[in-house]
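The exercises below are meant to be worked with the sequence and the model side by side. Try each task on the structure before reading the solution that follows it.

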Amino acid sequence: MNIISVNIEGITPIYEQIKESIISAIDKGILREDDRIPSINSISKQYKISPGTVIKAYDELCRSGTLGSKRGKGY
């Protein structure tokens with residue numbers, strides 16, 4: 001299941017699209033506490049975007065308390 005949707009041609013910044021996709025999946029109950037989300041590398045390769053873009057989205061979600069991360073375990 002792909003919870004992240006990105007439109008490369010869209011006007012919304014890609015990192016915002018990633019954040020919105022994750023928040024939407026949480027709101028809809030698709031993602032629950034302790035579920036893992038796709039890795040930075042997998043999203044980066046899938047959409048051919050910089051890993052830094054994905055990191056920015058994930059970091060902002062962590063700062064807001066929406067996501068958590070564990071070193072070596074992912075988000």
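**Exercise 1. A serine in a loop**

Decide how the relative accessible area of Ser-39 classifies this residue, and find how far Ser-39 is from Tyr-58 in sequence and in space.

Solution. Ser-39 has a relative accessible area of 40%, so the residue is partly exposed, the classes being buried under 20%, exposed over 50% and partly exposed in between, with a 1.4 Å probe and protein chains only. The model is a predicted one, in which local features need pLDDT of at least 70 and side-chain atom pairs count only at pLDDT 80 or more, while totals for chains, interfaces and linings use all residues. Residues are numbered from 1 along each chain as its sequence is written, and side-chain values use heavy atoms, with hydrogens and water left out. As for its place, Ser-39 belongs to the loop between H1 and H2, where helices are DSSP runs of H or I with at least four residues, numbered from the N terminus. Finally, Ser-39 and Tyr-58 are 19 residues apart in sequence, and their C-alpha atoms are 9.9 Å apart in space.

**Exercise 2. The nonpolar core**

How many residues does the largest nonpolar core have, and which have the most contacts inside it?

Solution. The largest nonpolar core has 18 residues, a core being a set of buried Ala, Val, Leu, Ile, Met, Phe, Trp, Tyr and Cys residues joined through side-chain atoms within 4.5 Å. Those with the most contacts inside this core are Ile-4, Ile-18, Ile-22, Ile-37, Ile-43, Val-54 and Tyr-58. Two or more residues of the core come from each of helix H1 (14-27), helix H2 (40-47) and helix H3 (51-63). As a background, nonpolar side chains in soluble globular proteins tend to be buried together. To follow one member, take Ile-22, which touches Ile-4, Leu-31, Ile-37, Tyr-58, Leu-61 and Leu-67 when residues up to four places away in sequence are not counted; contact here means heavy atoms within 4.5 Å.

**Exercise 3. Distances along and across the chain**

Find how far Ile-8 is from Lys-48 and from Arg-63, and then what the side chain of Ser-64 contacts.

Solution. Ile-8 sits in the segment before H1 and is partly exposed because its relative accessible area is 43%. Ile-8 and Lys-48 are 40 residues apart along the chain, with their C-alpha atoms separated by 9.2 Å, whereas Ile-8 and Arg-63, 55 residues apart, have C-alpha atoms separated by 25 Å. Apart from neighbours within four places in sequence, Ile-8 is in contact with Ile-14, Tyr-47 and Ile-49. Ser-64, in the segment after H3, is partly exposed at a relative accessible area of 49%. The side chain of Ser-64 makes a polar contact of 2.9 Å with the side chain of Thr-66, a polar contact being a pair of N or O atoms within 3.5 Å; within protein, one must be able to donate a hydrogen and the other to accept it, and residues adjacent in sequence count only if both atoms are side-chain atoms. Ser-64 and Gln-46 are 18 residues apart in sequence and 25 Å apart in space, C-alpha to C-alpha.
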